[in-house]
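Q: Hi! Could you walk me through this one with me? I have a few quick questions.

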Amino acid sequence: MQIQHGFFKLTFFGSLFAIFFYSRCSNHIPELKHMRQGAFFLFFYLLIHSLWAQDQLSQNRVEKLYQQGMDLVQHSNFGAARESFSSFLAHAPVTDARRSEAEYYVAFCALNLGHKDGEKLIDEFIDHNPSSPKASTAYFDLAVFFYSEANYTKAATYFKKVNFPALTAAQQSEGHFKFGYSHFNQKKLDEALEQFNFVKRQSNAYSAAASYYAGFLEYAKGIYDEALFDLKKAEASPAYSTIVPYLIANVYYRQQRYDTVIEYGNSLKGKQNLTNANEIAMLVAEAYYYKGDFKKSASEYQQYFNNKG
(Lines give C-alpha, C1' and ligand atoms only; values in the text may rest on other atoms or scores of the structure.)
Protein backbone atom coordinates (compact mmCIF):
# COMPACT_ATOMS: atom_id res chain seq x y z
CA MET A 1 0.00 0.00 0.00
CA GLN A 2 2.91 2.37 0.74
CA ILE A 3 4.35 1.70 -2.73
CA GLN A 4 0.97 2.49 -4.28
CA HIS A 5 0.74 5.74 -2.32
CA GLY A 6 4.28 6.65 -3.44
CA PHE A 7 3.36 5.98 -7.05
CA PHE A 8 0.26 8.13 -6.69
CA LYS A 9 2.28 11.03 -5.25
CA LEU A 10 4.93 10.73 -7.95
CA THR A 11 2.27 10.68 -10.68
CA PHE A 12 0.33 13.56 -9.21
CA PHE A 13 3.23 15.92 -8.50
CA GLY A 14 5.10 14.91 -11.66
CA SER A 15 2.06 15.68 -13.77
CA LEU A 16 1.50 18.92 -11.90
CA PHE A 17 5.11 19.98 -12.52
CA ALA A 18 4.79 19.14 -16.21
CA ILE A 19 1.67 21.26 -16.53
CA PHE A 20 3.31 24.15 -14.71
CA PHE A 21 6.41 23.88 -16.92
CA TYR A 22 4.40 23.81 -20.14
CA SER A 23 2.23 26.65 -18.95
CA ARG A 24 5.23 28.85 -18.20
CA CYS A 25 6.98 27.97 -21.42
CA SER A 26 3.89 28.57 -23.51
CA ASN A 27 3.91 32.21 -22.43
CA HIS A 28 7.32 32.67 -24.09
CA ILE A 29 7.40 29.98 -26.78
CA PRO A 30 4.40 30.15 -29.09
CA GLU A 31 5.07 26.63 -30.43
CA LEU A 32 4.36 25.13 -27.01
CA LYS A 33 0.95 26.74 -26.50
CA HIS A 34 -0.86 23.93 -28.29
CA MET A 35 0.81 21.39 -25.96
CA ARG A 36 -0.78 22.84 -22.84
CA GLN A 37 -4.15 21.23 -23.51
CA GLY A 38 -2.48 17.84 -24.08
CA ALA A 39 -0.65 18.17 -20.78
CA PHE A 40 -3.93 18.61 -18.95
CA PHE A 41 -5.34 15.50 -20.63
CA LEU A 42 -2.19 13.58 -19.67
CA PHE A 43 -2.53 14.69 -16.05
CA PHE A 44 -6.13 13.53 -15.74
CA TYR A 45 -5.36 10.23 -17.48
CA LEU A 46 -2.52 9.47 -15.07
CA LEU A 47 -4.65 10.52 -12.11
CA ILE A 48 -7.54 8.25 -13.12
CA HIS A 49 -5.18 5.37 -13.82
CA SER A 50 -3.56 5.80 -10.40
CA LEU A 51 -6.92 5.84 -8.63
CA TRP A 52 -8.05 2.76 -10.57
CA ALA A 53 -4.88 0.88 -9.61
CA GLN A 54 -5.37 1.84 -5.98
CA ASP A 55 -9.00 0.66 -6.10
CA GLN A 56 -7.96 -2.67 -7.63
CA LEU A 57 -5.41 -3.18 -4.87
CA SER A 58 -8.08 -2.44 -2.26
CA GLN A 59 -10.53 -4.88 -3.88
CA ASN A 60 -7.92 -7.61 -3.97
CA ARG A 61 -7.19 -7.10 -0.30
CA VAL A 62 -10.88 -7.26 0.60
CA GLU A 63 -11.33 -10.44 -1.43
CA LYS A 64 -8.34 -12.03 0.25
CA LEU A 65 -9.58 -11.14 3.75
CA TYR A 66 -13.00 -12.65 3.10
CA GLN A 67 -11.67 -15.88 1.62
CA GLN A 68 -9.09 -16.16 4.39
CA GLY A 69 -11.84 -15.81 6.98
CA MET A 70 -13.92 -18.54 5.35
CA ASP A 71 -10.94 -20.91 5.24
CA LEU A 72 -10.15 -20.26 8.91
CA VAL A 73 -13.77 -20.97 9.94
CA GLN A 74 -13.64 -24.25 8.02
CA HIS A 75 -10.60 -25.21 10.10
CA SER A 76 -12.24 -24.01 13.36
CA ASN A 77 -9.57 -21.32 13.81
CA PHE A 78 -12.14 -18.92 15.18
CA GLY A 79 -9.75 -16.36 16.68
CA ALA A 80 -7.93 -15.66 13.43
CA ALA A 81 -11.20 -15.90 11.48
CA ARG A 82 -12.80 -13.20 13.61
CA GLU A 83 -9.83 -10.89 12.93
CA SER A 84 -10.05 -11.54 9.17
CA PHE A 85 -13.77 -10.82 8.98
CA SER A 86 -13.40 -7.71 11.18
CA SER A 87 -10.69 -6.42 8.81
CA PHE A 88 -12.92 -7.26 5.85
CA LEU A 89 -15.74 -5.16 7.33
CA ALA A 90 -13.33 -2.29 7.96
CA HIS A 91 -12.19 -2.19 4.30
CA ALA A 92 -15.11 -3.53 2.24
CA PRO A 93 -17.44 -1.03 0.54
CA VAL A 94 -20.82 -0.57 2.19
CA THR A 95 -22.37 -1.95 -1.00
CA ASP A 96 -20.52 -5.29 -0.75
CA ALA A 97 -23.20 -8.02 -0.53
CA ARG A 98 -20.97 -10.13 1.69
CA ARG A 99 -20.95 -7.68 4.59
CA SER A 100 -23.95 -9.25 6.36
CA GLU A 101 -22.40 -12.70 6.10
CA ALA A 102 -19.11 -11.36 7.48
CA GLU A 103 -21.01 -9.81 10.40
CA TYR A 104 -22.57 -13.21 11.05
CA TYR A 105 -19.18 -14.92 11.10
CA VAL A 106 -17.77 -12.32 13.49
CA ALA A 107 -20.62 -13.18 15.87
CA PHE A 108 -20.30 -16.93 15.20
CA CYS A 109 -16.56 -16.86 15.94
CA ALA A 110 -17.07 -14.82 19.10
CA LEU A 111 -19.62 -17.38 20.26
CA ASN A 112 -17.33 -20.34 19.63
CA LEU A 113 -14.45 -18.57 21.33
CA GLY A 114 -16.57 -18.11 24.44
CA HIS A 115 -16.32 -14.34 24.19
CA LYS A 116 -18.82 -12.50 26.36
CA ASP A 117 -20.18 -10.55 23.39
CA GLY A 118 -20.95 -13.66 21.32
CA GLU A 119 -24.60 -14.06 22.31
CA LYS A 120 -25.19 -10.29 22.02
CA LEU A 121 -23.59 -10.17 18.54
CA ILE A 122 -25.76 -13.04 17.30
CA ASP A 123 -28.92 -11.32 18.57
CA GLU A 124 -27.85 -8.04 16.96
CA PHE A 125 -27.09 -9.77 13.68
CA ILE A 126 -30.58 -11.30 13.56
CA ASP A 127 -32.19 -7.94 14.42
CA HIS A 128 -30.19 -6.08 11.74
CA ASN A 129 -30.36 -8.77 9.03
CA PRO A 130 -33.76 -10.51 9.34
CA SER A 131 -33.83 -11.39 5.63
CA SER A 132 -30.31 -12.85 5.56
CA PRO A 133 -30.11 -16.64 4.94
CA LYS A 134 -27.75 -16.78 7.92
CA ALA A 135 -30.47 -15.40 10.19
CA SER A 136 -32.22 -18.77 9.80
CA THR A 137 -29.25 -20.62 11.29
CA ALA A 138 -28.11 -18.03 13.83
CA TYR A 139 -30.53 -19.15 16.55
CA PHE A 140 -29.60 -22.75 15.76
CA ASP A 141 -25.93 -21.92 16.31
CA LEU A 142 -26.76 -20.23 19.62
CA ALA A 143 -28.86 -23.16 20.80
CA VAL A 144 -26.23 -25.75 19.86
CA PHE A 145 -23.55 -23.71 21.62
CA PHE A 146 -25.49 -23.57 24.90
CA TYR A 147 -26.35 -27.27 24.53
CA SER A 148 -22.63 -28.07 24.29
CA GLU A 149 -22.15 -26.03 27.48
CA ALA A 150 -24.86 -28.15 29.19
CA ASN A 151 -26.94 -25.00 29.64
CA TYR A 152 -30.15 -26.76 28.66
CA THR A 153 -32.47 -23.96 29.74
CA LYS A 154 -30.87 -21.46 27.38
CA ALA A 155 -30.48 -24.10 24.69
CA ALA A 156 -34.22 -24.82 24.77
CA THR A 157 -34.99 -21.09 24.72
CA TYR A 158 -33.06 -20.61 21.48
CA PHE A 159 -34.17 -23.89 19.88
CA LYS A 160 -37.72 -22.60 20.31
CA LYS A 161 -36.83 -19.62 18.09
CA VAL A 162 -35.27 -21.72 15.32
CA ASN A 163 -36.98 -21.80 11.94
CA PHE A 164 -36.44 -25.54 11.45
CA PRO A 165 -37.74 -25.81 7.86
CA ALA A 166 -34.99 -23.37 6.79
CA LEU A 167 -32.28 -25.75 8.05
CA THR A 168 -30.66 -28.64 6.22
CA ALA A 169 -31.98 -32.14 6.92
CA ALA A 170 -28.94 -32.93 9.07
CA GLN A 171 -29.35 -29.71 11.07
CA GLN A 172 -33.05 -30.42 11.60
CA SER A 173 -32.30 -33.87 13.02
CA GLU A 174 -29.58 -32.52 15.28
CA GLY A 175 -31.70 -29.58 16.37
CA HIS A 176 -34.85 -31.58 17.18
CA PHE A 177 -32.88 -34.20 19.12
CA LYS A 178 -30.95 -31.64 21.17
CA PHE A 179 -34.14 -29.64 21.70
CA GLY A 180 -35.76 -32.82 23.01
CA TYR A 181 -32.80 -33.65 25.24
CA SER A 182 -32.83 -30.11 26.63
CA HIS A 183 -36.50 -30.58 27.58
CA PHE A 184 -35.69 -34.02 28.99
CA ASN A 185 -33.09 -32.53 31.33
CA GLN A 186 -35.64 -29.98 32.51
CA LYS A 187 -38.20 -32.75 33.21
CA LYS A 188 -40.48 -31.44 30.46
CA LEU A 189 -41.17 -34.96 29.29
CA ASP A 190 -44.13 -34.40 26.94
CA GLU A 191 -42.21 -31.70 25.06
CA ALA A 192 -39.15 -33.94 24.95
CA LEU A 193 -41.11 -36.88 23.53
CA GLU A 194 -42.53 -34.67 20.78
CA GLN A 195 -39.02 -33.80 19.61
CA PHE A 196 -37.70 -37.38 19.88
CA ASN A 197 -40.68 -38.66 17.90
CA PHE A 198 -39.77 -36.32 15.04
CA VAL A 199 -36.18 -37.56 14.89
CA LYS A 200 -36.83 -41.29 15.34
CA ARG A 201 -38.88 -41.43 12.14
CA GLN A 202 -35.92 -40.24 10.07
CA SER A 203 -32.79 -42.09 9.03
CA ASN A 204 -30.01 -40.02 10.52
CA ALA A 205 -27.18 -39.98 13.06
CA TYR A 206 -29.63 -39.31 15.91
CA SER A 207 -32.29 -41.91 15.05
CA ALA A 208 -31.08 -44.60 17.46
CA ALA A 209 -30.69 -42.16 20.35
CA ALA A 210 -34.10 -40.65 19.66
CA SER A 211 -35.67 -44.12 19.59
CA TYR A 212 -34.05 -44.97 22.92
CA TYR A 213 -35.24 -41.81 24.68
CA ALA A 214 -38.69 -42.02 23.09
CA GLY A 215 -38.96 -45.65 24.21
CA PHE A 216 -37.84 -44.77 27.73
CA LEU A 217 -40.42 -41.97 28.01
CA GLU A 218 -43.19 -44.14 26.54
CA TYR A 219 -42.29 -46.88 29.04
CA ALA A 220 -42.50 -44.34 31.89
CA LYS A 221 -45.92 -43.22 30.60
CA GLY A 222 -47.16 -46.82 30.37
CA ILE A 223 -47.43 -46.76 26.57
CA TYR A 224 -45.88 -50.20 26.29
CA ASP A 225 -46.51 -51.14 22.65
CA GLU A 226 -44.95 -47.91 21.39
CA ALA A 227 -42.14 -48.25 23.93
CA LEU A 228 -41.35 -51.79 22.78
CA PHE A 229 -41.30 -50.74 19.13
CA ASP A 230 -38.87 -47.88 19.76
CA LEU A 231 -36.66 -49.82 22.18
CA LYS A 232 -36.30 -52.67 19.68
CA LYS A 233 -35.15 -50.13 17.08
CA ALA A 234 -32.62 -48.74 19.53
CA GLU A 235 -31.41 -52.25 20.42
CA ALA A 236 -30.30 -52.73 16.80
CA SER A 237 -27.72 -50.00 17.31
CA PRO A 238 -24.37 -51.08 18.85
CA ALA A 239 -24.47 -47.95 21.02
CA TYR A 240 -27.63 -49.16 22.80
CA SER A 241 -27.54 -52.95 22.38
CA THR A 242 -26.29 -53.52 25.95
CA ILE A 243 -28.42 -50.80 27.58
CA VAL A 244 -31.88 -51.38 26.13
CA PRO A 245 -32.50 -55.08 27.03
CA TYR A 246 -33.35 -54.32 30.65
CA LEU A 247 -36.11 -51.93 29.56
CA ILE A 248 -37.39 -54.40 26.95
CA ALA A 249 -37.56 -57.18 29.56
CA ASN A 250 -39.46 -54.80 31.86
CA VAL A 251 -41.98 -54.02 29.11
CA TYR A 252 -42.66 -57.73 28.59
CA TYR A 253 -42.98 -58.20 32.35
CA ARG A 254 -45.44 -55.33 32.77
CA GLN A 255 -47.48 -56.68 29.88
CA GLN A 256 -47.57 -60.00 31.79
CA ARG A 257 -46.00 -61.77 28.84
CA TYR A 258 -44.11 -64.14 31.11
CA ASP A 259 -43.17 -66.68 28.45
CA THR A 260 -41.61 -63.86 26.44
CA VAL A 261 -39.76 -62.57 29.51
CA ILE A 262 -38.24 -66.04 30.04
CA GLU A 263 -37.39 -66.51 26.37
CA TYR A 264 -35.89 -63.05 26.02
CA GLY A 265 -33.99 -63.26 29.30
CA ASN A 266 -32.45 -66.62 28.39
CA SER A 267 -31.40 -65.26 24.97
CA LEU A 268 -29.33 -62.63 26.75
CA LYS A 269 -27.28 -65.05 28.86
CA GLY A 270 -23.62 -64.78 28.01
CA LYS A 271 -24.02 -61.37 26.42
CA GLN A 272 -20.98 -59.25 27.26
CA ASN A 273 -21.21 -55.93 29.10
CA LEU A 274 -24.96 -56.22 29.56
CA THR A 275 -26.31 -53.43 31.75
CA ASN A 276 -28.49 -54.59 34.68
CA ALA A 277 -27.95 -58.26 33.81
CA ASN A 278 -28.75 -59.28 37.38
CA GLU A 279 -32.04 -57.39 37.37
CA ILE A 280 -33.00 -59.15 34.13
CA ALA A 281 -32.33 -62.50 35.85
CA MET A 282 -34.70 -61.46 38.66
CA LEU A 283 -37.43 -60.67 36.12
CA VAL A 284 -36.98 -64.14 34.68
CA ALA A 285 -37.31 -65.62 38.19
CA GLU A 286 -40.49 -63.60 38.73
CA ALA A 287 -41.88 -64.82 35.40
CA TYR A 288 -41.30 -68.46 36.37
CA TYR A 289 -43.01 -67.77 39.70
CA TYR A 290 -46.14 -66.33 38.05
CA LYS A 291 -46.24 -69.31 35.69
CA GLY A 292 -46.24 -71.62 38.72
CA ASP A 293 -42.85 -73.16 37.92
CA PHE A 294 -41.48 -72.69 41.43
CA LYS A 295 -38.47 -74.95 40.98
CA LYS A 296 -37.07 -72.90 38.11
CA SER A 297 -38.10 -69.74 39.86
CA ALA A 298 -36.11 -70.73 42.96
CA SER A 299 -33.11 -71.56 40.80
CA GLU A 300 -33.23 -68.16 39.10
CA TYR A 301 -33.67 -66.37 42.42
CA GLN A 302 -30.70 -68.21 43.82
CA GLN A 303 -28.61 -67.15 40.82
CA TYR A 304 -29.77 -63.56 41.33
CA PHE A 305 -28.73 -63.54 45.01
CA ASN A 306 -25.42 -65.26 44.25
CA ASN A 307 -24.52 -62.66 41.65
CA LYS A 308 -25.72 -59.83 43.88
CA GLY A 309 -23.58 -61.04 46.77
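This is a predicted model: local features need pLDDT of at least 70, side-chain atom pairs count only at pLDDT 80 or more; totals for chains, interfaces and linings use all residues.

Q: Thanks. At what angle do α6 and α7 pack, and how far apart are their axes?

A: The angle is about 165 degrees, and the axes are 8 Å apart. Helix α6 covers residues 135-148, while helix α7 covers residues 152-159.

Q: Is α6 roughly parallel or roughly antiparallel to α7, then?

A: Roughly antiparallel, because angles over 145 degrees count that way. That description of α6 and α7 follows from their packing angle.

Q: Switching to charges. How many salt bridges does a search of the whole structure find?

A: The search turns up 12 salt bridges.

Q: Nice. Which side chain does K120 meet in a salt bridge?

A: K120 meets E124, with an N to O distance of 2.7 Å. Both sit in helix α5 (residues 118-128), and because they are 4 residues apart, about one helical turn separates them. E124 counts as partly exposed, at 28% relative accessibility.

Q: And what about E174, which partner does its side chain meet?

A: That would be K178, in a salt bridge of 2.7 Å, N to O.

Q: Are E174 and K178 buried or exposed?

A: E174 is buried, with a relative accessible area of 19%. K178 counts as buried too, at 12% relative accessibility. The cut-off for buried is under 20%.

Q: Which residue forms a salt bridge with K291?

A: D259 does, and the closest N and O atoms are 2.6 Å apart. K291 lies in the loop between α14 and α15, and D259 in helix α13 (residues 258-267), so this pair ties together parts that are 32 residues apart in sequence. K291 itself counts as partly exposed, at 43% relative accessibility.

Q: Which residues are linked with E63 in a network of salt bridges?

A: E63 is linked with D96 and R98 in that network.

Q: Last topic, the surface. Which residues make the nonpolar patch of about 350 Å²?

A: Y289, Y290 and F294 make that patch. Y289 belongs to helix α14 (residues 277-290), and at 43% relative accessibility Y289 counts as partly exposed.

Notes: Residues are numbered from 1 along each chain as its sequence is written. Side-chain values use heavy atoms; hydrogens and water are left out. Patches are made of residues with over 30% relative accessible area and no salt bridge: like charges are joined within 9 Å, nonpolar side chains (Val, Leu, Ile, Met, Phe, Trp, Tyr) within 5 Å. Accessible areas come from the Shrake-Rupley method with a 1.4 Å probe; for residues, only the protein chains shown count as cover. A salt bridge is a side-chain nitrogen of Lys or Arg within 4 Å of a carboxyl oxygen of Asp or Glu. Helices (H or I, at least four residues) and strands (E, at least two) are DSSP runs, numbered from the N terminus. Buried means under 20% relative accessible area, exposed over 50%, partly exposed in between (1.4 Å probe, protein chains only). Axes are lines fitted to C-alpha atoms, for helices over the stretch in contact, and angles run from 0 to 180 degrees between N-to-C directions. Angles under 35 degrees count as roughly parallel, over 145 as roughly antiparallel, 65 to 115 as roughly perpendicular and the rest as oblique.
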